[in-house]
Amino acid sequence: MDNIILIFVCMILGFVLKRNTVFPPLSYKTLNQFVIYISLPAIALYYIPKLEISSKLLFPLGIAWLGFALSYLFFTAFSKMFGWSKKLTGCLIIVAGLGNTSFVGFPVIEALYGKKALETAVIVDQPGSFVVVSTLALLVATMYSRSTTSSGEIFKKILFFPPFIAFVISCFLNVFKLDFPTELQSVFQRLGSTVTPIALVSVGMQLEFDSKSKHWKFLTLGLLFKLFITPAFFYLLYVVILKGNGLEVQVSLLESAMAPMITGAIVASNYGLKPKLANMMIGFGIPLSFLTLIFWYFVLKFI
């Protein structure tokens, strides 16, 4: 429950601080950079060396990777039909294609299914959501942020993206069954824990409630995709087609129904992909998801 309270406190703080002259108007950009250059790499360096590679990864691992691919196909199709701009399309692909599988996901999963279920939730988040936002989301952000981007520039941005560098180092340690000294692990854990409060304050600083905004219809479509279409797709694939069942499938499917990922919005905002829309999807998506998750929880009780 304390995690849920922290979400709203941080967003409200950001919203209030934006109107305080003590903070520069573009303070949120500094906060975004801290998340990308410090918090996210620390998360990778702490968690990924500890992951156990096994066949159990398949169902939870597919949530982020297939979900992002589905988002790409869905919003690219709409973009071609209605002639959307590249920035709008890129924003929706990234923000609606990634779920808040850790900060919102972990406490919800633990509350509903117990601590044992967190083993599956970590797989959805670390080799899933975290790696996708560090690679595919960055790829989309780079491609859609400007009219022409060479393949060399895209490759360079991914290669030198701090979370990706941390991911590569962490994978090396995982393969060779190594880890950092305990003292350093503690440092990474504490730095990684800053991602949510700092990112949410940044989101709050950028959140605007404009009833005449042209973003409302795109916000509605983005949240419809994230909160209903994505989990419905995985239910059809995992339960109906693949005949999956049990705790791992239930946890994976509920994680697919989580609100948009805060870090995804940070990446979209940093690359100028409709920052207002990206942050509206977080601001409205998180509270709304608590209602839609109840619906999916009861649907999943029958598998």
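Helices here are DSSP runs of H or I with at least four residues, strands are runs of E with at least two, and both are numbered from the N terminus. The model is predicted, so local features need pLDDT of at least 70, side-chain atom pairs count only at pLDDT 80 or more, and totals for chains, interfaces and linings use all residues. Residues are numbered from 1 along each chain as its sequence is written, and side-chain values use heavy atoms, with hydrogens and water left out.

Start with Lys243. This residue lies in the loop between H12 and H13. Its phi is positive, about 60°, although Lys243 is not a glycine. Lys243 counts as exposed because its relative accessibility is 61%. The classes are buried under 20% relative accessible area, exposed over 50%, and partly exposed in between, with a 1.4 Å probe and protein chains only.

Two packed helices are described by the angle between their axes and the distance between the axes. Helix H12 spans residues 216–241 and helix H13 residues 247–256; they pack at about 155°, with axes 8 Å apart. Axes are lines fitted to C-alpha atoms, for helices over the stretch in contact, and angles run from 0 to 180 degrees between N-to-C directions. H12 and H13 are therefore roughly antiparallel. That label applies over 145 degrees; under 35 is roughly parallel, 65 to 115 roughly perpendicular, and the rest oblique.

Which residues in H12 and H13 meet? Lys226, Thr230, Pro231, Phe234, Tyr235, Tyr238 and Val239 in H12 meet Val249, Ser252, Leu253 and Ser256 in H13. Contact means heavy atoms within 4.5 Å. The residues of this contact divide into 7 nonpolar, 3 polar and 1 charged.

Next, the core. A nonpolar core is a set of buried Ala, Val, Leu, Ile, Met, Phe, Trp, Tyr and Cys residues joined through side-chain atoms within 4.5 Å. The largest one has 95 residues, and Phe75 and Leu254 touch the most other members. Helix H15 (residues 275–300) supplies the largest share, 10 residues. Not counting residues up to four places away in sequence, Phe75 touches Trp84, Thr89, Leu92, Ile93, Ala96, Leu221, Gly222 and Phe225.

Leu51 sits between helix H2 (27–47) and helix H3 (58–82). Leu51 counts as buried because its relative accessibility is 15%. Its C-alpha atom is 8.6 Å from that of Val122, 71 residues apart along the chain. Lys177 lies between helix H9 (162–175) and helix H10 (182–192). Lys177 has a positive phi of about 55° although it is not a glycine. At 71% relative accessibility, Lys177 counts as exposed.

Note on methods
Ala, Val, Leu, Ile, Met, Phe, Trp, Tyr, Cys and Pro count as nonpolar, Asp, Glu, Lys and Arg as charged, and the others, Gly among them, as polar.
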